[in-house]
Amino acid sequence: MAKDTGEDSGNSNRSAEEAALSARLQRLGERLADQKGTSRQVEAGSSSKSDPSALARGFRLSTELVAGVLVGAFIGWALDKWLGSSPWGMIVFLLLGFAAGVVNVMRAAGVSSPPGSRQ
């Protein structure tokens, strides 16, 4: 009979430990579900609506770059026609237009300061 009571106390300890572990696991699952629900709500809120100001800023930055390249290409083409220096004016001013476009994009994005201002 002593053997029976020892096994019963071992089983009761084991079942108590299993019950505690099960309760902890359930609480963990609930906390994870709450966290996933919160993160999904944040993701759904940000992806369902596009920010018009961010879209406008993206168009502005891309327009700054494209305009710089096109203006440089046009000036180079016009100088080539006027001076007869076939590809060289176009090449030089296309590169200068690209550099000017990159500088304008950096200024518009706030990476660098406008000319004449001191930091």
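Select Arg-60 and Glu-64 first: they form a salt bridge, with the closest N and O atoms 3.8 Å apart. A salt bridge here is a side-chain nitrogen of Lys or Arg within 4 Å of a carboxyl oxygen of Asp or Glu. The structure holds 1 salt bridge.

This is a predicted model, in which local features need pLDDT of at least 70, side-chain atom pairs count only at pLDDT 80 or more, and totals for chains, interfaces and linings use all residues. Residues are numbered from 1 along each chain as its sequence is written, and side-chain values use heavy atoms, leaving out hydrogens and water.

**Stay on the pair.** Side chains of opposite charge can pair when their charged atoms come close. Now colour by accessibility. Arg-60 has a relative accessible area of 47%, so it is partly exposed. Glu-64 is at 24%, so it is partly exposed. The classes are buried (under 20% relative accessible area), exposed (over 50%) and partly exposed in between, with a 1.4 Å probe and protein chains only.

Select residues 88-109. The axes of helix 2 and helix 3 come within 7 Å and cross at roughly 160°. That makes helix 2 roughly antiparallel to helix 3; angles over 145 degrees count as roughly antiparallel. Axes are lines fitted to C-alpha atoms, for helices over the stretch in contact, and angles run from 0 to 180 degrees between N-to-C directions. The crossing is right-handed, meaning that the near helix is turned clockwise from the far one by less than a right angle.

**Pick Asn-104.** Asn-104 is in helix 3. Its relative accessibility is 28%, so Asn-104 is partly exposed.

**Zoom out.** The protein has 3 helices and 0 strands, in the order α-α-α along the sequence. Helices (H or I, at least four residues) and strands (E, at least two) are DSSP runs, numbered from the N terminus. Of the 119 residues, 8% are buried. Finish with contacts (heavy atoms within 4.5 Å). Among those between residues at least 6 apart in sequence, 49% join residues at least 24 apart.

How values were computed: Angles under 35 degrees count as roughly parallel, over 145 as roughly antiparallel, 65 to 115 as roughly perpendicular and the rest as oblique.
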